[in-house]
Each structure stands twice: as C-alpha cells, then as structure tokens.
Amino acid sequence: MYIISRTAESEILERLETSPVTAIIGPRQCGKSTLAKKILQSFPDTIYLDLELPSDLRKLTDAEQFFSLNKDSLICIDEIQRKKDLFPLLRALIDKTGRSGQFLILGSASPELLRQSSETLAGRISYFSLTPFRIDELEYQNIPSHWLRGGFPLSYLARDEKQSSRWRIDFISTFLEKDVPSLGFSLNTQTISRLWTMLAHSTGQVKNRAKLGESLGISGATVKSYYEILEKTFMVRILQPYHSSVKKRLIKSPKIYIRDTGILHSLLDIDSHNTLMGHPIFGQSWESYALEQIVSALPEWTPWFFRTSNGSEIDLLLTRGVEKVAVEFKASVAPKLGAGFFNCMELLNIQKSYVVCPFPESELYPYRGNVMVASLDKILEEIKNISL
C-alpha cells in the first residue's frame, strides 16, 4: 500500500501555528491517524496517544501530571471522543501557557457530538473536517474505481474488488455495533441499519420522515434523530432546500445523500461496475458521488438544492456571498436538460451553471446559453477560480 498525499496537510499545519488546539474530525478510517502522524514529523518534540489502546489510555489516569511533564511537546490525542472529560483540563492548561500548537486532537464525530469541546474550548480550538480520499487528491482517470469503491483508504487501495467489498461490509457492521454505541447513543441497532439501507435506496431524494417512520414502525421524530446521528458521524449528508424571495411554492424537506458511494454500494449489494450500471440506483449513485466530491472540495461555498412544487429543480445550488452556481448531475455522456432547470435558473437569476457527467477524460464545453457541460475535475477547477 502506498501513501497518498492529502491536500489538508498544509492547512492543518497553518492552523497549528495559530490555534492552541487543532481538531481533525471525520469518519473512522478516513485517514486521520495517518495524516496526523505525517504532520507530527514536521515537529521536533511530539507525543501520539491512541485512546483505543488500553496502554495509552492508562497514561491519562493522571492526565494533568502527564500533560505537565510533556508541556513542551505537541501532543496528539486520537479518538478523543472516548475521553471527553479531558476537555476542561485542556482548557486550563491552554490558558496557563497561551501557546499555539499544544494539542492536535482527532475525533470520529462532529463538534455537536463533541459538545464539551465546542463549549469548553470555544475560541481556543480550530476544527478541520477530513473526508475519505477525494478525486482531486487522486488521478482523474481513477474515477471508475473511486466511484465504485468509495474514498475510504482501505477500500480504495484494496488489491481487488472482493477485498474492497469485504472491508466495507466489515466497516458497516463495526460502525453499527461498536462506533455508534461508543458515542453514548442508546438506540435500536437493527432499526438504524434498516433506515441506513432505506436511505441508500433513495439517496439524493427528498425525505418524508413520517413515511420512513411508518415503514420502520417508529415516529417521525425518531427517524429525524437517527439520520442526524448518521449525519454527525459523517455517513450521510443532509442537503437543505434553498429559500429565496421568489414567489413560488417551494419544497421544504431536505434531501439526504449517502456520502461515500463505496458504502452506498455495499448497502445495496453492488459489487461491480456492471452491476452498478444495470441497477436502478445508477443515476442517483453518480449524483451522490459527484455532489460529495464538489461539496467537500469547496468548503467556502454553501450547498443547497432548489425545487419548486411543480417539480422544477436544481440538483445542487452553491452560494458564496452574492455568487450563485447551479449544478446538474447526469449519468450520461450525452446529457439533456429539461425546461424546469432553465426555469429555475431564470427564477434565481443564475449566471453560471454546469452539467456534470462521468466522462472518461477531462471535458468542458458549452451546452446552451451560460450552461457548460463539464467533467468532475473541470467543474472543480472552474468554481475554484470564481472570485467574489
């Protein structure tokens, strides 16, 4: 297995220079530990603690003394959600020295789930969200494998499809049986597993909590709490509808996407490209894949979708300041757009729009008016070049 350079490395190094605590958050097995160990090589005096190891956890029996003895080191604490009572102590130590770059912490949950860190370390901590491998960290011609296997390193870098699929199946099982309970949630594992699979079958569609709850035998409120758990553990992306001052009836429920298409395909028993291309989820899989690559690579843009009550829709609307960019996803290399897309563009006065297709090579060409057809690498390049 070889190491793939992460685009996040330079930004995390910059944050360590200015913030007492830098937190790398993201799903388990997305590469946080590997990246952190590489970053630690840039510092002369470091300590790495993995709180999943009993030996490292015992070192923090008297955490104050341990940290005091190593006060001049950059201390990396992996899987910190397993010992959230450390946060008040970190605050006291940070306030005593006022020094930047004291702690690098890694966690497999969002700041909302690490509530003590967001409250106790307010103003002292910088969060960086790390995803599994993105396509802009790989070669564009690797899209077919990346799309099928997803970006989790041990899945993407597996020697063959069988090994990749086995890893993802094990990941799903461990996530449900170990990871979610370790965060303190008391829930029915079988029910959240069924919900996850249902979300996979309808990835990218508007969700009706009441109907999902009826199918699962639980309340709509419980459905909402379950898919928020999946969101805060980075398994799904909840895309909110865009509301503007336009005088139209708009859809108000969110769309939910399975973030990693390798996990999506395992939930649906899709183990090859041939199976994927013949599956009803094919178009939604491409939309899930391409949308996640764009949104995760462009954190300065706010993602939405836009849909009117008559069905006119924009798959992805990116906003930043006064800028709006519309993105449509088509799983065909010969895309066709309906009148509804252009009606939405006119309604929102959008000047830049793209149709993203799974081209085998880089592509960018005009479709109609100010709509461009683009490969995934080209749209990322185009939007990154947009200035306010």
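**View 1. Strand β7 gives the largest share of the lining of the largest pocket, four residues.** The model is predicted; local features need pLDDT of at least 70, side-chain atom pairs count only at pLDDT 80 or more, and totals for chains, interfaces and linings use all residues. Residues are numbered from 1 along each chain as its sequence is written, and side-chain values use heavy atoms, with hydrogens and water left out. The largest pocket holds about 790 Å³ of space. Of its 27 lining residues, Ser129, Arg237, Arg259, Ser296 and Pro299 are the closest to the centre. At least two lining residues come from each of α1 (8-18), β5 (125-129), α12, β7 and α15 (282-297). By class, 14 are nonpolar, five polar and eight charged. Helices (H or I, at least four residues) and strands (E, at least two) are DSSP runs, numbered from the N terminus. A pocket is an open set of points on a 1 Å grid over the protein atoms alone, where a 1.4 Å probe fits, with protein on both sides within 12 Å along at least five of seven lines; lining residues have an atom within 4 Å of a point. Volume is the space filled by probe spheres set on the points, which are joined across faces, edges and corners. Ala, Val, Leu, Ile, Met, Phe, Trp, Tyr, Cys and Pro count as nonpolar, Asp, Glu, Lys and Arg as charged, and the others, Gly among them, as polar.

**View 2. Three strands form an open antiparallel sheet, ordered β6-β8-β7.** β6 (205-206) and β7 (236-239) are the edge strands, each with a single partner, so one side of each lacks a neighbour in the sheet. Two bridges join β6 to β8 (residues 255-258); strands pair if DSSP finds at least two bridges between them. Gln205 stands opposite Ile256 in β8. Helix α12 (residues 220-232) packs on the sheet and touches β7 and β8; its direction makes about 115° with that of β7. Contact means heavy atoms within 4.5 Å. Axes are lines fitted to C-alpha atoms, for helices over the stretch in contact, with angles from 0 to 180 degrees between N-to-C directions.

**View 3. The second largest pocket has about 460 Å³ of space.** Its lining counts 25 residues; Cys30, Gly31, Lys32, Ser33 and Thr34 lie nearest the centre. Helix α2 supplies the largest share, five residues. α2 (32-40), β2 (46-50) and α8 (153-156) each give at least two. The lining has eleven nonpolar, five polar and nine charged residues.
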